[in-house]
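Here is a walk through one protein model, taken a region at a time. Please look over the sequence and the structure before reading on.

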Amino acid sequence: MAGATQDRRETRSSPLRAVDLLLLAYLGVVSVVAGMRASSQPACWWLLLAHALFVVLLFLVTRPGLGPVGRTIRELYPLFLLPGLYSELDILNGPGVPVHDALVRHWELLVFGGQISRDWWQAAPSPFWSTVFHAAYLSYYLILSAPALYFAWKGDLAAVRRFVLVVMATFVICYLCFIFFPVAGPYYEFARPSGWFIQNLPARLAYEALATGSSYGAAFPSSHVAAALAATLAAMRASRRLGLVLLIPTGLLTIGVVYCQMHYGVDALAGLAVGGLLTWLVGESSER
């Protein structure tokens, strides 16, 4: 009861929370970039309209008098925006925007001694591991959503709030990297795997998802790895058992995005760094 009273007081005094301000700042930056690139990519004008609609949504979810369902949606709504925010990247990084794959492949050579994302699956062919790693790649969506839904089901909206803030901060940093330092990644740069490598259900589903929903220039750092690690560590703060369970698919996903030629090896390493650092920074700031 005391926690609910305090939450109501916070809402009255400051209806905008950290995640709201984070999204407003991010969309402000993206709006400027969209305006600058609209001459060569006219579809960018639609992004400005979408961002205006976000302000309307923010007004709706922050208005006073929300019931239990409304308060839950208020905590979860940033996660619902992720597909749209990711799709924007494909518009922003349209024709004429240079990518930096040559530089990242040079880093790959320095770190791994070769192009590990292109050569690993061919040097160590395994239909079993192809199945496991592609399934881990698909588990990304579960890793991001399950903790928030679990905490919401338990009625622990404070845990939902902390989890969503960590995850969204991680995505914002990754997406800003994609906008200002776009890297296409091995999915676009190398010949795509075929034959036995994709003759399993998880692989077919993964490649169907990429064919319909992949955004160009969104490889470095790997947001899959960064967000999965951030979600796992954030979940562990509220439920150690849940976090430990999520460590398994997160570890397999981190390896799998490289073995399955979705990301360069340095993409995955950078994703681990971003996910771990953002979780620590946001966690430290939220505890002050």
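Is Cys174 buried or exposed? With a relative accessibility of 0%, Cys174 counts as buried; the term buried means under 20% relative accessible area, exposed means over 50%, and partly exposed is in between, using a 1.4 Å probe and protein chains only. This is a predicted model, in which local features need pLDDT of at least 70, side-chain atom pairs count only at pLDDT 80 or more, and totals for chains, interfaces and linings use all residues. Residues are numbered from 1 along each chain as its sequence is written, and side-chain values use heavy atoms, with hydrogens and water left out.

The cysteine sulfur closest to that of Cys174 belongs to Cys177, and at 6.4 Å it is too far for a bond. Cys177 is in no disulfide either, a disulfide being a pair of cysteine sulfur atoms within 2.5 Å. Cys177 is partly exposed, at 27% relative accessible area. Over the whole structure, the search finds 0 disulfides.

Next come the helices, which are DSSP runs of H or I with at least four residues, numbered from the N terminus. Helix 3 covers residues 44–62, and its 19 residues should span 27 Å at 1.5 Å a residue; the expected span is 1.5 Å times one less than the number of residues. The end C-alpha atoms of helix 3 are 28 Å apart, which agrees. Cys44, Leu47, His51, Phe54, Leu58, Val61 and Thr62 are buried in helix 3. Seen down the axis, the buried residues of helix 3 fall within an arc of 80 degrees, so they line one face of the helix; the arc is that of the directions from the helix axis to the C-beta atoms. Trp45, Trp46, Leu53 and Phe59 are exposed on the other side of helix 3. Its buried residues pack against helix 2 (18–37) and helix 4 (68–92), where contact means heavy atoms within 4.5 Å.

Helix 7 can be read in a similar way. In helix 7, the buried residues are Ser130, Phe133, His134, Ala136 and Tyr137. They cover an arc of only 155 degrees around the axis, which puts them on the same side of helix 7. Pro127 and Phe128 are exposed on the other side. The cover over the buried residues of helix 7 includes helix 8 (140–154), helix 11 (201–213), helix 12 and helix 13 (240–259).

Helix 12, residues 223–238, contains Thr232. Thr232 is buried, with a relative accessible area of 0%. Leaving out residues up to four places away in sequence, Thr232 touches Ile143, Gly243, Leu246, Leu247 and Thr250.

How values were computed:
Helices (H or I, at least four residues) and strands (E, at least two) are DSSP runs, numbered from the N terminus.
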